[in-house]
Amino acid sequence: MAKILIADDNEGLREVLLELVQGLGHEAVGVADGCAAREALCAGDFDLLLTDLRMPKLDGLSLLRELDGLGQGVDTIVMTAHGSVGSAVEAMHLGALDYVEKPFPLGAMEAKIQKALERRQLARQNTALRRELAQRYGSVIGASPPMQRVFSLIEKVSQADTPVLLLGESGTGKELVAREIHERSARAGGPFVTVNCAALAESLLESELFGHEAGSFTGATGMRRGKFELAEGGTVFLDELGEISLSTQVKLLRFLQEKEIERVGGDRVIKVDARVVAATNRDLKAMVERGEFREDFFYRINVINIELPPLRARLEDVPLLVEALLERHQKATGLSGRVSDEVLALLRIYEWPGNVRELENVLERALVLAESGPDGVRRITPDTLPPEVFGGEGDPESRKQYHEVTGLMAQIERIEREIIRKALEENDWNQTRAAKALKLKRSSLQYKMKKYELSKPK
Ligand SMILES: Nc1ncnc2c1ncn2[C@@H]1O[C@H](COP(=O)(O)OP(=O)(O)OP(=O)(O)O)[C@@H](O)[C@H]1O
Ligand SMILES: [Mg+2]
């Protein structure tokens, strides 16, 4: 439902238009002159203005000009008297969307209204989309500059078919990004197959990656396809690549160069079409220098790398992440929670050695410990945080920061309480007037009065 303002000094026409707009299922307000229109537009959030040009007090063109100057530009359809198309053109220059010449059939006006509202709806969706894009990229969340760089790299590598190396500390989202790359690539219809290279001993890992023929080693009773074969047409995600032995690296290098593998214990060359995305939290370059990682393999796998920033380098993303992680948690478990401002402040100064995964764990723990409010939403308060985040323990520096923050919150609250108390006093404890003076909704004022235990002295 849209909200439409109708400005015309002709009462008959105003009534007809009011009826038309209401009949279309929208909210309509009518005014008889330009000044009243200006006032209404500044006070309420109208989606569309239908205005006459010749009106008492303030004519339509002056109204458009003023509103533009006030930054209150609103989508407008002007209604002009027969034969004054010149002013209609001027109105269009002042930003009006469209005009109709009086007298007009109601059907023509209806069509113009529909068109204007559709256009507005589209524009809204576009801004929402753009905002969405800036704060998340698929499932990867972050609005900070380092994450924006990550998003644009994901976008680029998704369109290529070269190997990608993801670097970053534990819990920074390497696996999440690997999936996102796959989902956005031309291989999205194919499988995404993960191999944790740290989890298996060398011989088992090779059989896991490349498969084995029957009888190739003790226990290998039947033939088994490896992850590469299973990833045909899709992506293989090699997690913890830094843990791979030198001899397995040779076999991976062969795959990267020739797109060929051999099953363990076999001698048949098998062509495989799979893309490799790898991840590590180790410094491969240093490992190359120490002779622990093959140089030729390093250059092959490191064609493009994406470095995921640690959370401490993008603390401004914490509020966004908290919101998204709580929402995700609610979908999974039904438990909903909300963090207090003080908690948010604490989460924004913590070091996060375990990055987003640690934040996820901290929130889950807090939800379990938190008390439920009357609305069933759990209140995450500082005492539900683990000591290292709460700052009760830990190194002196983070303890100092903690006390600075809580001290600050307490000060802000003291000041807020005083401002509200004064406004109430000055308005004889009339809540409606005090709320107006404070530019608060009456309900917010009441909430704050309760919070600060403010009430009219007896
Ligand atoms: N930018 C992000 N937006 C949303 N969720 C994230 C983000 N980064 C990480 N996560 C979440 O944090 C958790 C850890 O992410 P992930 O497993 O991808 O990290 P990782 O870098 O692979 O860590 P490790 O090196 O320990 O394997 C996951 O639940 C993931 O969904
Ligand atoms: Mg991982």
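Predicted model: local features only at pLDDT ≥ 70, side-chain atom pairs only at ≥ 80, totals over all residues.
The protein is divided into four stretches, namely domain 1 (3–131), domain 2 (143–309), domain 3 (312–394) and domain 4 (407–451). Between the C-alpha centres of domain 1 and domain 4 there is a distance of 38 Å.

One place to begin is an open sheet of 5 strands, which follow one another in the order β2-β1-β3-β4-β5 and whose pairing is parallel. At its edges stand β2 (27–31) and β5 (98–101), each of which pairs on one side only, and from one strand to the next the twist averages 15 degrees. Within this arrangement, strand β3 (residues 48–52) is joined in the parallel sense to strand β4 (residues 76–80) over 4 bridges, and Thr51 can be found opposite Val78 in β4.

Another open sheet is built from 3 strands in the order β17-β19-β18, and here the pairing is mixed. Because β17 (337–339) and β18 (371–372) are the edge strands, each with a single partner strand, one side of each is left without a neighbour in the sheet. The parallel pairing of β17 with strand β19 (residues 378–380) rests on 3 bridges, and Arg338 has Arg379 in β19 as its bridge partner.

The ligand can now be placed against this background. Both domain 2 (143–309) and domain 3 (312–394) give residues to the shell around ligand 1, and therefore ligand 1 lies between them. The shell comprises 18 residues, of which the closest are Ser170, Gly171, Lys174, Arg357 and Glu360; sorted by class, it holds 6 nonpolar, 5 polar and 7 charged residues.

An oxygen atom of ligand 1 lies 2.8 Å from a backbone N or O atom of Gly171, while a polar backbone atom of Gly173 is 3.1 Å from an oxygen atom of ligand 1.

Notes:
Residues numbered from 1 in each chain as written. Chains lettered and ligands numbered in written order. Heavy atoms only, no water. Near = heavy atom within 4 Å. Polar contact = N/O pair within 3.5 Å; in protein donor to acceptor, adjacent residues only side chain to side chain. Nonpolar A, V, L, I, M, F, W, Y, C, P; charged D, E, K, R; others polar. Domains from an automatic or database assignment. Pairing = 2+ DSSP bridges. Helix = DSSP H or I, 4+ residues; strand = E, 2+ residues; numbered from the N terminus. Axes fitted to C-alpha atoms, helices over the stretch in contact; angles between N-to-C directions.
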